[in-house]
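Dear colleague,

Please find below the structure that I am handing over to you.

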Amino acid sequence: MAENLSQEPGGFLPPSLPSPAPSNYSSSSTASNLPHPRSNPLRSGSAKEDAARRYLEARLLNVSRRYAKKFQPMEEGEDVKGYISMSEVAKDLGEIIDVVWLSGTPSLQIPYLLNIALAVNTYISAFPASPKATFALIRKLDHAFSSLLKGEDSITGEILPGFAGGKRAGLTKTDMVRCKGLVDNTRVLVVDVMGTEIEDDADDESAMETDTDGETSTWGDVGDGKWEMEIAKVYEMTIVELGATLDGGDAFTVQTSS
C-alpha cells in the first residue's frame, strides 16, 4: 500500500519521511521529532486526500491486527505477527503520526490523532513498561495536539497549514473535550504502568533493568528523577493549551488547497 501510494503522480507521501525541521529546543523531554508538514492542506474530497485516508486506514488496521495477534497463537502460514512489546507498538504508531502530521491537513490530523491517542491508552497497559519508547510517542502526540490547539507549532512558533487566518482552527469544543478525556486517562495509565515499575524496582535491587523491547529500560537510572519527571510531563503542553482554549473562542474555517 505504501509503495503504491508513494508512486502516485502528485501524491504528497514520499518514499521516506523527511528529516524533522530543526528545533530551538534541545531537551529530549521537549522535542518530539515531528516532520515538517506540507505547506498547504490537502483539498477536501481530492484524490490526494482519499489516498492519504486509505493509506492511514491500512496502517492503523495493521496495528490493530498485530495487537489482536498478541492474544492468539501464531498459525502456520500467517503473515501477521503479534506485538511482543510496547516499543514495537510505539514504533508503528509513531510512523503513522509522522504521516498524519506530514499531510498538513487538520481534517485528517484531528480525527486520526485522537484515534491514535485512544489506541495508546488501550495498548499501554497490555505490555511491560517501555519508558523510552512510550514517552517518545506521547511527546509526539503532545506536540501535535498542543500545536493544533494554538494554530501554530508549539515548539517553533511556525503557523500551521490551514491556520493562516488565526488560531484554534479545526478543533471543535467536542474535539477538545474528547482530547482532554484522552489526555487525563493517559496520565493516569502512565502513572499506573510506569510508577508501579519504578516502585517494584526500588523494592528489588536485582530488578534494576527491564528489557522489554530491545530497549533496556534502566529504572535504576531514576536517581536523578529522570523517569519521574517524564511521568509528570505527560501531555504537559496540551494540558496548558486546553486550559487556555476550552472556555471560549470560535474556530474559523480551515483553508484548503490542492
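**Findings for the predicted model**

The protein exposes about 12,700 Å², and carbon and sulfur atoms supply 50% of that area. Please note that this is a predicted model. Of its 258 residues, 47% count as buried.

As to secondary structure, the protein has 8 helices and 2 strands. Along the sequence these elements follow the order α-α-α-α-α-α-β-β-α-α. Among contacts with a separation of 6 or more, 75% are made by residues 24 or more positions apart.

Helix α2 covers residues 47-69.

Helix α5 comprises residues 131-150. From its first C-alpha to its last, α5 reaches 28 Å, close to the 28 Å expected for its 20 residues at 1.5 Å a residue. Because 18 of these 20 residues are buried, α5 is largely enclosed by the rest of the structure. Just after α5, G151 adopts a positive phi of about 85°.

The aromatic side chains are the remaining topic. A pair of aromatic rings is described by the distance of the centres and the angle of the planes. The count for this protein comes to 3 aromatic pairs. One of them is formed by F145 and Y235, whose ring centres lie 6.3 Å apart with 45° between the planes, a tilted arrangement. This pair links distant parts of the chain: F145 belongs to helix α5, whereas Y235 sits in the loop between α7 (226-232) and α8 (236-245), and the two are 90 residues apart.

Are F145 and Y235 buried or exposed? The cut-off for a buried residue is a relative accessible area under 20%. F145 has a relative accessibility of 3% and therefore counts as buried. Y235 is buried too, because its relative accessible area is 1%.

Ring pairs also join Y67, Y123 and F127 into a cluster.

Yours sincerely

Key. Residues numbered from 1 in each chain as written. Predicted model: local features only at pLDDT ≥ 70, side-chain atom pairs only at ≥ 80, totals over all residues. Heavy atoms only, no water. Helix = DSSP H or I, 4+ residues; strand = E, 2+ residues; numbered from the N terminus. Buried < 20%, exposed > 50% of the residue type's maximum accessible area, 1.4 Å probe, protein only. Contact = heavy atoms within 4.5 Å. Areas by Shrake-Rupley, 256 points an atom, 1.4 Å probe, with all protein chains shown as cover. Expected span 1.5 Å × (residues − 1). Phe/Tyr/Trp six-rings, centres within 6.5 Å; stacked < 30°, edge-to-face > 60°.
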